[in-house]
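Visitor: I'm new to this one. Could you walk me through it and tell me how you know what you say?
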Amino acid sequence: MCRLFGLHAGPQPVRATFWLLDAPDSLSVQSRREPDGAGIGTFDTDGKAHVAKQPLAAWEDHAFAREARDLLSTTFLAHVRYASTGALTLVNTHPFEQDGRLFAHNGVLHGLEHLDQRLEEFGVMDLVLGQSDSERLFALITAETRKAGGDVGAGIVEAITWVARELPVFSLNFILSTATDMWALRYPATHELYVLERHAAITSAPLDARSYRIRSKSTELSHSPHVLFATEPMDPGPGWRPMASGELVHVGPDLAVTSTTPFPNAPARLLTLADLEPTAAASQRP
């Protein structure tokens, strides 16, 4: 199953080191379970997005490990891919960038021809460079955000509402980030997504958060409040909270966290593993 990781450190850029290939905790070995790509997205001091990604298993590219260390940003978005839709190419590797925003998704949706028609109606099909359902989902959110005058939250709600009504859905979990804001959605309950709010009062021990695929370690973050999103809890601390099905969490520039549940019901056509092609089903098993 693909892994999502998002970190918001507030208004000041910080360093967070991600070991996606040669981690001391045998990350290169663990990454063999998600063999189809890895990427990290960050933002520079001018708010411009930068993505370092490659369509290979993380353990196969040592150059990527060197690039992934010591990045400086206010927000970080990382993804390790187990492909369900689309070839193993750079354009199908997460995170994706559109309109200066970054996006990573864990899940599957069907009905891509119908979705493509919707994107054509919006005039945004040019945003789709690859074959993945994830990039198409992002393009729909981008189109709705443009329609809403740049209101990302409104764009997300409109896009997901349409998808839930019109398309067969297995999972739409994603993280979307700018340099100043981050949104995370768990919908429906198919896959878990967790959030951790580390306030200044509890940031004393060095951050050494790890999952099966992604590890981040930073002494700077030990003394700074921040918010984390991850596919599973990354340390044994008690602060991790599983997001509810249909819950959309927004983290603002000052780390204010807002939670809403704009999608209280399951999608109209909820898929199961039995409905997926064998490759897609393998990619979605926990």
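Guide: A helix here is a DSSP run of H or I with at least four residues, and a strand is an E run of at least two. By that count the chain has 6 helices and 19 strands. Keep in mind that this is a predicted model.

Visitor: What makes L255 count as buried or exposed?
Guide: Buried means under 20% relative accessible area. L255 has 15%, so it is buried. You'll find L255 in the loop between strand 17 (247-251) and strand 18 (257-260).

Visitor: And why is D99 called partly exposed?
Guide: Exposed starts over 50%, and partly exposed sits between that and the buried cut-off of 20%. D99 comes in at 39% relative accessibility, so partly exposed is the label. D99 is in the loop between strand 7 (96-98) and strand 8 (101-106).

Visitor: What is the phi of D99?
Guide: Near 50°, a positive value in a residue that isn't glycine. L255 isn't a glycine either, and its phi is positive too, at about 70°.

Visitor: Which peptide bond is cis, with omega near -15°?
Guide: That's the bond from Y187 to P188. P188 lies in the loop between strand 11 (182-186) and strand 12 (194-198).

Visitor: How much of the chain counts as buried?
Guide: Of its 286 residues, 55%. For each of those, the relative accessible area is under 20%.

Terms used
Residues are numbered from 1 along each chain as its sequence is written. This is a predicted model: local features need pLDDT of at least 70, side-chain atom pairs count only at pLDDT 80 or more; totals for chains, interfaces and linings use all residues. Side-chain values use heavy atoms; hydrogens and water are left out. Buried means under 20% relative accessible area, exposed over 50%, partly exposed in between (1.4 Å probe, protein chains only).
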